[in-house]
Amino acid sequence: MIPEPLSARAWALACGGPYPDPADLVGDEHFMALALREALKGVGHASPNPPVGCVLVREGEVLGRGVHTRAGDPHAEVMSLRHAEEGGLDPAGSTAFVTLEPCCHQGRTPPCTDALLRAGVAEVVVGVRDPNPRVAGGGISILRQRGVKVREGVLGEACGRFHAPFFKWILSGLPWVSLKLALDPQDRMGVPGFRTEVTPPELQALAHALRRASDGVLVGRATAQVDDPRLSDRWPARSLPHRVFRRVVLDTRGRLPATLQIWRRLEGQPCFRVLAEEARPLPDVEDLRVPPGPGGCSLRHLLQELGARGVSRLLVEGGPTLHRALLAEGLADELHLFRGAAEVGGAPIHLPVTQEWSRRARLSFQGGTWEILENPTLAHPFHWPPRP
Ligand code: AOF
Ligand code: ZN
C-alpha cells in the first residue's frame, strides 16, 4: 500500500500538478485550491469532458462541493448546488468557485449558468475560461448580464494546467500525450530485446497514478513482445464502474503472437490493436486501422482516431522508438522520467527534447526520482494566462 500523503502527491503529479495546497492559501485562492482538490477526484472518469471542480462559499463557510465525473452526468456546479441543498443549506447569495468557466449551452446536460442563476448565486469566481467554441466567454457574459459578479483568473495558471488536456482535445481533437520513461542514472533503458526492471517497485507503484489519470495507454510492438505486460490500471484507489481504460498496442503488421498477456480480456479495460494492414482477428481485441506511416503507421491518425473515441489523455509507455517518433512529430505534451539508482546497461537514449522543455516538477522518492518536463510549444496556447 502507498501511504496517503504520497499517493495524493503522486495523483496530483499525474494530473498536471503539483497544485497549491489550500492550507497554504487564504481568501479566494484558498477556495479555488479547494475547488481544484474536488476537480482532482474526477480525472480518469469525466473524459472527454473536463473534470471540473466547484465549491460554494458564503461568509467563509463551504456550503457545497461538486465535481464532474461522467460525460452526460450533471456538471460540477450542479453537483455542488445539490450537495448544499442535501445538507439543508440554501446556496442563495453564495459565491461559486469553479475551476472552469460555467457552460452556457445545452449539451448532454442543460447550461450551468441557468442553474447558478436559478439558485441565486451572487458571485462566480472562475479559474480559467472554457475554450469550447460553444462557451468561450459566453458563460461569463451571461452571468454578468444577469447581475452576477464574475471574477476570472484566480489560480488561473494552475486551473489552466489542470484543464490543458481538455483544452487540447476540444481545440484539436487530439488527446493530451504523456510519455513515461524508466531510466537508469545514465539515461539508459536497458539492453534492447531483454526485459529490464529499471524502476524500483516503490516508484513503479506511484507511476500507476499515470495510468489511472489517463483514458488509455499505448505501447509499441517491441515493448508488448519483450516485456509481455498486462498494461492494466492497478492504481489502488477505487474507480467508478463506468471508467474505460483502453490498452492500445501498435502492431501495424499484425505479427505479435496471440499468446501475449495484453490480449487477455480485462473488465473495463478493452484492448486495441493498431494495424496498418490486413491481419487475422484476435478474440476480445478490437482492431484499429490507420494509414501506414514512418515506422509503421501514421501516429497523428492514430491519435485522431483515439481522440474521436473520447480519449483526451493518453499515456505512452515506451520504448525509445515510439517515444522518439512522437517527440519528432511534435505530438507529445509532457514527459515523465522515472529514474532508479540501479545501472541497467544498453545505450543512453537521446530524446529530441529541446532546451525549452521546462521542468514542472522533480521529486525524490525512496529508490529514485520522478521528473516531469513539459513541451512549451504545445502547452503554450492552453495555459492561462497565456504565456508570451
Ligand atoms: C461546466 N461544468 O463541470 C463541465 C463543463 O455535454 P455536456 O452538457 O456535458 O457539456 C460538455 C461541455 O461542457 C464540455 O465540452 C465543456 O465545454 C463543458 N464542461 N462545464 O460548466 C462542468 N464539465
Ligand atoms: Zn456546465
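Author: Let's begin with C112, which is buried because its relative accessible area is 0%, and buried means under 20%, exposed over 50% and partly exposed in between, with a 1.4 Å probe and protein chains only. Please note that this is a predicted model, where local features need pLDDT of at least 70 and side-chain atom pairs 80 or more, while totals for chains, interfaces and linings use all residues. Residues are numbered from 1 along each chain, chains are lettered from A and ligands numbered from 1 as written, and side-chain values use heavy atoms, without hydrogens and water.

Reader: Why does C103 count as buried?

Author: C103 has 5% relative accessibility, so C103 counts as buried.

Reader: What coordinates the zinc ion (ligand 2)?

Author: H75 (ND1), C103 (SG) and C112 (SG) do, at 2.0 to 2.2 Å. Donors are N, O and S atoms within 2.8 Å of the metal (3.2 Å for Na, K and Ca), and water is not among the atoms, so sites may look incomplete.

Reader: What makes the arrangement around the zinc ion tetrahedral?

Author: The four donor atoms subtend angles of 98 to 122°, and four donors count as tetrahedral if all angles lie between 85 and 135 degrees. The arrangement is therefore tetrahedral.

Reader: Which polar side-chain atom lies 2.8 Å from an oxygen atom of ligand 1?

Author: One that belongs to E77. A polar contact with the ligand is a pair of N or O atoms within 3.5 Å. In the side chain of D130, an N or O atom is 2.5 Å from a ligand 1 oxygen.

Note on methods. A polar contact is a pair of N or O atoms within 3.5 Å; within protein, one must be able to donate a hydrogen and the other to accept it, and residues adjacent in sequence count only if both atoms are side-chain atoms. Four donors count as tetrahedral if all angles lie between 85 and 135 degrees; four count as square planar and six as octahedral if opposite donors are over 155 degrees apart and all others between 65 and 115; anything else is irregular.
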